[in-house]
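Here is a short report on one protein chain. Keep the model open while reading.

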Amino acid sequence: MSILDIVIVALLIYEFLVLIKGTRAFQMLVGVGVLIIAFYLARFGELRTLNWLISTSLPYAIFALIVVFQAEIRQALAKVGRKLTFARAGGRASGSSYEDIVLAANLFAQNQTGALVVIERDIGLRTYIESGVPLEARLSYDLLATLFRPSAPLHDGAVIIQKDRVAAAACFLPLSMNPVLSTQLGTRHRAGIGITEETDAVAVIVSEETGSVSLAVSGQIERDITVEYLRERLSELLQAYVPAATLPTPIVSASELEAANGAARPHPAHPEGER
């Protein structure tokens, strides 16, 4: 039984270290380790004042650790609960619904329209849905294009998708505090990563500055991906076949079209006298 006990404790410590790796919690854990070492040094070195100070503050430190590591504790409990849930894909939408997200991402990338779409999976997003404007509308390409139109009142914030419906728009999401993330990532990208750190949701992000498409899952982000790759990853992550559809042709002005035709038209040969 002692071996089993050691194995279980080792697994718990391993999972905890994997969970906090690359986060600010890991740096705080180093600080806690320094305090523990100082405690034992004060105890065995008979440093009475330091020993009294640490002994007095230690009970309060336990509550402080719960507050500091609340995000990691919540994520760990959600992870355990997700593993115990067997009905994973019970109420998910068909793949055709997610094709609307792919088409909308392609439109936003062409027009450099900032967008953040969060797709709920097994962990509910009710807390974040209630922070926005409830819609409960059927998911469609036209609806997403309308919501993220720059002049629309709900274009700021995130749109949250539940099954084949748009649950809410203009939602507030937690920002990722991961110090490893690039400083080039703005608020929209950090919010997309933050919601995937807290839950198992999938976030599709389109940059307003560059029009690049990114995908965030489990606190990790894949940047500058193509629409075809986005479709492939959504099929994999949502366990639903997303059929390929004809992407909308970008809208260009008459002057741009004339310039393009002029560039493609072959130039006439120069008269011999002009050479």
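Which residue in E4 stands opposite Ala137? Ala137 stands opposite Val166. The report below places that pair in its sheet.

## Ground rules

This is a predicted model, in which local features need pLDDT of at least 70 and side-chain atom pairs count only at pLDDT 80 or more, while totals for chains, interfaces and linings use all residues. Residues are numbered from 1 along each chain as its sequence is written, and side-chain values use heavy atoms, with hydrogens and water left out.

## Overall build

The protein has 10 helices and 7 strands. Helices (H or I, at least four residues) and strands (E, at least two) are DSSP runs, numbered from the N terminus. Of the 275 residues, 34% are buried. Buried means under 20% relative accessible area, exposed means over 50%, and partly exposed lies in between (1.4 Å probe, protein chains only).

The protein exposes about 17,200 Å². Carbon and sulfur atoms supply 62% of that area. Accessible areas come from the Shrake-Rupley method with a 1.4 Å probe; for residues, only the protein chains shown count as cover. Take the contacts between residues at least 6 apart in sequence: 60% of them join residues at least 24 apart. A contact means heavy atoms within 4.5 Å.

## The sheet

The 7 strands form an open sheet with mixed pairing, in the order E2-E4-E3-E1-E5-E6-E7. Its edge strands are E2 (133–138) and E7, each pairing on one side only. The twist averages 20 degrees from one strand to the next. Two strands pair if DSSP finds at least two bridges between them. Strands of a sheet pair through backbone hydrogen bonds, either parallel or antiparallel.

E2 pairs with E4 (residues 165–171) in the antiparallel sense, over 4 bridges. E3 and E4 also run antiparallel, joined by 4 bridges. There, Ala158 stands opposite Cys171 in E4. E1 and E3 run parallel, with 3 bridges between them. Val117 has Val159 in E3 as its bridge partner. E3 (residues 158–162) is mostly covered, with 4 of its 5 residues buried.

## Positive phi values

Most residues other than glycine have a negative phi, and most peptide bonds are trans. Where does this model depart from that pattern? Glu136, in strand E2, has a positive phi of about 50 degrees although it is not a glycine. Glu136 is partly exposed, because its relative accessible area is 45%. Ala170, in strand E4, has a positive phi near 55 degrees. Ala170 counts as buried because its relative accessible area is 18%.

Lys163 is another case: its phi is positive, near 55 degrees, in the hairpin of E3 and E4. That hairpin has 2 residues between the strands.

## Helix H9

Which residues of H9 (residues 227–237) are buried? They are Val227, Leu230, Arg231, Arg233, Leu234 and Leu237. These cover an arc of only 170 degrees around the axis, so they sit on the same side of H9. The arc is that of the directions from the helix axis to the C-beta atoms. The face turned away from this buried side carries the exposed residues Glu232 and Glu236.

## Glu222 on strand E7

Glu222 lies in E7 (residues 220–225). Is Glu222 buried or partly exposed? Glu222 counts as partly exposed because its relative accessibility is 23%. Glu222 touches Val213, Ser214, Leu215, Tyr229 and Arg233, leaving aside residues up to four places away in sequence.

The Glu222 side chain makes polar contacts with two side chains: that of Tyr229, at 2.7 Å, and that of Arg233, at 2.9 Å. A polar contact is a pair of N or O atoms within 3.5 Å; within protein, one must be able to donate a hydrogen and the other to accept it, and residues adjacent in sequence count only if both atoms are side-chain atoms.

## Asn51 on helix H3

Asn51 lies in H3 (residues 48–68). Asn51 is partly exposed, because its relative accessible area is 22%. Asn51 touches Phe39, Ala42 and Arg43, not counting residues up to four places away in sequence. Asn51 and Ala38 are 13 residues apart in sequence and 8.6 Å apart in space, C-alpha to C-alpha.

Definitions and conventions. Axes are lines fitted to C-alpha atoms, for helices over the stretch in contact, and angles run from 0 to 180 degrees between N-to-C directions.
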